[in-house]
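Colleague: I am new to reading protein models. Could you walk me through this one, feature by feature?

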Amino acid sequence: EKKYDYLIVGSGLFGATFAHEMTKAGKKCLVIDKRDHTGGNIHCKKIEDINVHWYGAHIFHTNDKFLWDFVNQFTDFNRYTNSPIANYKGELYNLPFNMNTFYSLWGTKTPKEAKEEIARQIKHLNIGEPQNLEEQALKLVGTDIYEKLIKHYTEKQWGKKATALPAFIIKRLPVRFTYDNNYFNDKYQGIPIGGFNKVIDGLLAGCDLRLNTDFFDNKSEWLNAAEKIVYTGKIDAYYDYRFGELEYRSLRYELEVHDTENYQGNAVMNFTDAETPYTRVYEHKHFEFGTQPKTVITKEYPVKDAQNAEPYYPVNDEKNMHILKKYQDLASKEEKVIFGGRLAEYRYYDMHQVIASALLKSKNELKNE
Ligand code: FAD
């Protein structure tokens, strides 16, 4: 008889949600994480009494009432609404592209005027089926917005020319013909009061936890530590990279503390010119309407050589998906190991989606007993 029913590798949102559901069902869970803190990428560090989003800004949003209630059981959420500002060489514009943006750019006041202006700009371009990101963007928003707000920002992010990037990346570009600066369309949105760590702490209550513990330092022993394993690390690492490494796009963060109460007046500012080396500046206190005397900002830089950096965004192109398929074939034959979360599934998940996935997998697990 083993001491634990489940060993959960990774205390991010997937692992923590899975652990929560299993603990609730009376199972004994041990959660390990190689980092010195829980929460994976939603972890916040307190600096100057401000919750600093350590791995990039996180805003919870969902259309699903059940998931909204689920996260609100651990702490109430505030009314934060994501409305980034774009900064193009000192000119400021509202995001996502909406009537406010169009008014600042062109002085257009009605949706009809704005649509006519966009149509006028792209008429002579004769774009048919867009062949790349540049053509797709031009077709959606015209030349001005493309030049000032999309082209250089996207090229900085990807380290590639917009004409060399596939069109699909920008298919769902939010464009609105209303005066609405809310970035997300979802019904529910906010930041947990007290920070994301509150949610993670609530999820992990009642299970055993070991930090600074890498599964691979002792793989064979860990495999015997529990009846079943839930693995939320990189799937290629689990199989010793035998079919090659899956690629990720990465980011680098530089933190600054400023002796001022309010640095940029908004939580998120995107720098959309080519010259500014960073892509975004976050001012963390604004996620929680903070009134602390100082402020903490993070500059976000794209990373060129992502291989040794923190893996953030999977690159789901043909080459990587082909490699992934081979790993998935092995994973599907495992009897003791459940793979879940963004790294084990090599999939971009928003927070609400990763919670939904963990809830579904834990439910199936309990059903199949
Ligand atoms: P992770 O959080 O990565 O957790 C995996 C954990 O496993 C980590 O703690 C890691 O240390 C641990 N681990 C890995 N390997 C090992 C090992 N060998 N041994 C022990 N432990 C190991 N979502 C939103 O909904 N809204 C947003 O605004 C938003 N912004 C984002 C911004 C950025 C820059 C990024 C990259 C993502 C953003 N997301 C956002 C997505 C969100 O971060 C993810 O949905 C979520 O964090 C995924 O949780 P996870 O548990 O799958 O993975």
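Modeller: Gladly; we will go through the sheets, the helices, the domains and the ligand site.

Modeller: Two notes on the source come before that. Residues are numbered from 1 along each chain as its sequence is written. This is a predicted model, where local features need pLDDT of at least 70 and side-chain atom pairs count only at pLDDT 80 or more, while totals for chains, interfaces and linings use all residues.

Colleague: Let me begin with sheets. In what order do the 5 strands of the open sheet with parallel pairing stand?

Modeller: The general idea is that strands of a sheet pair through backbone hydrogen bonds, either parallel or antiparallel. Two strands pair if DSSP finds at least two bridges between them. The element names follow DSSP runs numbered from the N terminus: helices are H or I with at least four residues, and strands are E with at least two. Here the order is β9-β2-β1-β10-β17. At the edges are β9 (208–210) and β17 (337–339), each pairing on one side only. On average, neighbouring strands of this sheet are turned by 20 degrees against each other, direction ignored.

Colleague: How many bridges join β1 to β10, and how many join β1 to β2?

Modeller: Strand β1 (residues 4–9) pairs with strand β10 (residues 226–231) in the parallel sense over 5 bridges. Leu-7 has Ile-229 of β10 as its bridge partner, and Val-9 stands opposite Tyr-231 in β10. With strand β2 (residues 29–32), β1 runs parallel and is joined by 4 bridges; there, Ile-8 stands opposite Val-31.

Colleague: And which strands form the sheet with mixed pairing?

Modeller: That open sheet has 6 strands in the order β7-β6-β13-β14-β15-β12. Since β7 (91–94) and β12 (251–258) each have a single partner strand, they stand at the edges, and so one side of each is left without a neighbour in the sheet. Its neighbouring strands are turned by 25 degrees against each other on average, direction ignored.

Colleague: In which sense does β6 pair with β13, and in which sense with β7?

Modeller: Strand β6 (residues 85–88) pairs with strand β13 (residues 268–271) in the parallel sense, over 3 bridges. With β7, the pairing of β6 is antiparallel, over 4 bridges. Follow Ile-85: it stands opposite Met-269 in β13 and opposite Asn-94 in β7. Asn-87 has Phe-271 as its bridge partner in β13. The hairpin of β6 and β7 has 2 residues between the strands, and Lys-89 takes a positive phi near 50 degrees there.

Colleague: Now helices. At what angle do α4 and α5 pack?

Modeller: Two packed helices are described by the angle between their axes and the distance between the axes. Helix α4 (residues 111–122) and α5 pack at about 90 degrees, with their axes 8 Å apart. (Axes are lines fitted to C-alpha atoms, for helices over the stretch in contact, and angles run from 0 to 180 degrees between N-to-C directions.) That makes α4 roughly perpendicular to α5, a label for angles of 65 to 115 degrees. The contact includes Ile-118 and Ile-122 of α4, and Leu-138 and Val-141 of α5; residues are in contact if their C-beta atoms, placed from the backbone, lie within 7 Å.

Colleague: Which strands does α5 lie across?

Modeller: Helix α5 (residues 133–158) lies across β6, β7, β13 and β15 (295–302), running at about 90 degrees to β6.

Colleague: How far apart are the axes of α1 and α6?

Modeller: They are 7 Å apart, and α1 packs with helix α6 (residues 196–204) at an angle of about 35 degrees. Ala-16, Thr-17, Ala-19 and His-20 of α1 meet Ile-200, Leu-203 and Leu-204 of α6.

Colleague: Which residues are closest to the ligand?

Modeller: Of the 33 residues that surround the ligand, the closest are Gly-10, Gly-12, Gly-40, Gly-233 and Gly-341. A residue is near a molecule if its C-beta atom, placed from the backbone, lies within 6 Å of it. The elements giving two or more residues to this shell are α1 (13–24) and α10 (351–367).

Colleague: Finally, what separates the centres of domain 1 and domain 2?

Modeller: Taken over C-alpha atoms, 36 Å separate the two centres. Domain 1 covers 4–80 + 189–245 + 314–367, and domain 2 covers 96–170, with bounds that come from an automatic or database domain assignment.

Note on methods. Contact = placed C-beta atoms within 7 Å. Parallel < 35°, antiparallel > 145°, perpendicular 65-115°, else oblique.
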